[in-house]
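Have the viewer open as you read.

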Amino acid sequence: MKMIRLGRRRSFGEMRAELRATIELRKDLEKMRHRLERLDRDDEIARGAYEFWCAYLRDRHTPAPPSRAEFLLLALAPSSYAEALVGDLNELFAADQARFGAKRAARLYWARAARSLAPLLLRWIGKALKWAAVISTVKRTLGW
Amino acid sequence: METQLTTLEQHVLLAVMGLHPNAYGVAIQDHIRDRTGHEPSIGSIYAALDRLGEKGFVSSRQGEPTAARGGKRKIYFTITGPGQHTLRQSLQAISSLSRGLRWKEATA
């Protein structure tokens with residue numbers, strides 16, 4: 001099966017190929033479901049394959065959080081907790097998506113990211129000013 | 001030692017104590033919102049935790065990454081001894097300042 005990379009603008013041919021692949025996947029899924037229903041005993045392989053395809057289809061159709069907002073946060077937040085901060089926003093995004101749908105969840109993600117950036121920037125500027133003051137004091141003391 | 005705490009730092013420390021040992025960003029935000037009606041942003045909570053961590057008032061440990069978080073790890077925070085001491089002093093100062101005050105009746 002041909003795997004298509006997501007996250008960039010796709011050509012018409014690629015979209016058609018992806019649609020075909022999705023239809024094939026759904027056919028496979030149906031076949032597996034029927035096979036599973038007809039089995040008298042638990043077939044671990046069939047069950048495993050069925051669950052794998054279910055998870056694959058679910059993941060493919062789950063929208064990801066806005067990558068630009070994520071990038072901004074990762075770039076501006078201190079490295080010690082940038083990952084945890086983005087993870088927290090992703091967790092809220094997943095909850096919002098279940099409640100309100102993907103579009104509204106993405107808007108809320110951007111709003112939260114914008115609200116979070118202001119205190120992070122202030123903290124960053126505060127630290128920079130503190131270091132500038134220390135450096136200027138050292139320079140003055142040493143007479144540079 | 002620096003003993004001045006901002007209101008947000010007080011709220012964050014109280015939330016970290018209340019949620020122990022499961023205090024992480026979203027849980028702290030929910031805890032503060034449910035009890036004060038004010039929702040600080042996740043960024044301001046982490047900025048406050050960063051300041052408190054620098055002062056030695058909170059310690060942190062990493063959790064496991066989960067799929068709902070896009071594979072990102074949680075950071076769990078715990079209040080330290082000096083953190084508890086400073087928080088108690090700060091709350092006692094407010095309590096002392098507010099003792100004996102006569103509040104105006106709310107007018108309809």
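This is a predicted model: local features need pLDDT of at least 70, side-chain atom pairs count only at pLDDT 80 or more; totals for chains, interfaces and linings use all residues.

1. Chain B has two strands and four helices.

2. Still on chain B: it runs to 108 residues, and 40% of them are buried. If you take its contacts with a separation of 6 or more, 53% are between residues 24 or more positions apart. Its accessible surface is about 6,300 Å², and carbon and sulfur atoms account for 51% of that.

3. Now over to chain A, where α5(A) spans residues 102-142, 41 residues in total. From first C-alpha to last, α5(A) reaches 58 Å, close to the 60 Å expected at 1.5 Å a residue.

4. What do the buried residues of α5(A) pack against? Within chain A, they pack against α3 (67-76) and α4 (82-100), and from chain B, α3 (42-54) joins in. The buried set includes A:Tyr109, A:Leu117, A:Pro119 and A:Arg123.

5. Two of those partners, α3(A) and α4(A), also pack against each other, at an angle of about 150° and with their axes 8 Å apart. Angles over 145 degrees count as roughly antiparallel, so that is how α3(A) lies relative to α4(A). On the α3(A) side, the contact is made by A:Glu70, A:Leu73 and A:Leu74. The residues of α4(A) in this contact include A:Leu85, A:Val86 and A:Leu89. As for handedness, α3(A) passes α4(A) in a right-handed crossing.

Methods
Residues are numbered from 1 along each chain as its sequence is written. Chains are lettered from A and ligands numbered from 1 in the order in which they are written. Side-chain values use heavy atoms; hydrogens and water are left out. The expected span of a helix is 1.5 Å times one less than its number of residues. Buried means under 20% relative accessible area, exposed over 50%, partly exposed in between (1.4 Å probe, protein chains only). Contact means heavy atoms within 4.5 Å. Accessible areas come from the Shrake-Rupley method with a 1.4 Å probe; for residues, only the protein chains shown count as cover. Axes are lines fitted to C-alpha atoms, for helices over the stretch in contact, and angles run from 0 to 180 degrees between N-to-C directions. Angles under 35 degrees count as roughly parallel, over 145 as roughly antiparallel, 65 to 115 as roughly perpendicular and the rest as oblique. A crossing is left-handed if the near helix is turned anticlockwise from the far one by less than a right angle, and right-handed if clockwise.
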